[in-house]
Amino acid sequence: AGGVHVRRLFRWNSVMLRCPASEDGGLSAETLVEYVHIRAASARVKVGDRVRRGDVLCESGDVGFCPRPHLHLQAHDAEAGDHESAPTVPFAFRPAHGTSPS
């Protein structure tokens, strides 16, 4: 069970993707994208898997210092070295196929 407990402050599950620079200008450099606080044992990918837009990677969870399921999503320049100290990269979500942006 989740919840706000100091003993859980630095405990979380995550999935990290290495995304190559894209020719369409979407990503100008190789980028690391990390999904943090996922539900335990919910990762549907493993090291070395290739993923495509629309693939389900994991489920949101309530792991860490928060009482409710949530997801942290961060993108970092892979060239910057240690992802924990690298500056984040701005990003935007594309609307799902067949939907219009709100």
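This is a predicted model: local features need pLDDT of at least 70, side-chain atom pairs count only at pLDDT 80 or more; totals for chains, interfaces and linings use all residues.
1. Let's start with the layout.

2. Next, the overall picture. The chain has 102 residues, and 24% of them count as buried. Its accessible surface is about 7,900 Å², with 52% of that belonging to carbon and sulfur atoms. What share of the contacts with a separation of 6 or more comes from residues 24 or more positions apart? For this chain, the figure is 47%.

3. Now have a look inside. The largest nonpolar core is made of 9 residues: Val15, Leu17, Cys19, Val33, Tyr35, Ile38, Leu57, Cys58 and Ala75. Which strands each supply at least two residues of this core? They are E1, covering 14–19, and E2, covering 31–36. E1 gives the largest share, with 3 residues.

4. Leaving out residues up to four places away in sequence, Cys19 touches Leu27, Ala29, Glu30, Thr31 and Val33.

5. On to the charged side chains. How many salt bridges turn up in a search of the whole structure? The search finds 4. In one of them, Arg39 pairs with Glu59, and their closest N and O atoms are 2.9 Å apart. Both residues sit in the loop between E2 and E3 (72–77), yet the pair links distant parts of the chain, 20 residues apart. Are these two partners buried, exposed or something in between? Arg39 has 43% relative accessibility, so it counts as partly exposed. Glu59 is also partly exposed, because its relative accessibility is 31%.

6. Glu59 has another partner to check. Its side chain meets that of Arg44 in a salt bridge, at 3.2 Å from N to O. Arg44 and Glu59 are 15 residues apart, and both lie in the loop between E2 and E3.

7. Finally, find Lys46 and Asp49, whose side chains form a salt bridge of 3.3 Å, N to O. Lys46 is exposed because its relative accessible area is 60%, while Asp49, at 34%, counts as partly exposed. As for shared partners, salt bridges join Arg39, Arg44 and Glu59 into one network.

Definitions and conventions: Residues are numbered from 1 along each chain as its sequence is written. Side-chain values use heavy atoms; hydrogens and water are left out. Buried means under 20% relative accessible area, exposed over 50%, partly exposed in between (1.4 Å probe, protein chains only). Contact means heavy atoms within 4.5 Å. Accessible areas come from the Shrake-Rupley method with a 1.4 Å probe; for residues, only the protein chains shown count as cover. A nonpolar core is a set of buried Ala, Val, Leu, Ile, Met, Phe, Trp, Tyr and Cys residues joined through side-chain atoms within 4.5 Å. Helices (H or I, at least four residues) and strands (E, at least two) are DSSP runs, numbered from the N terminus.
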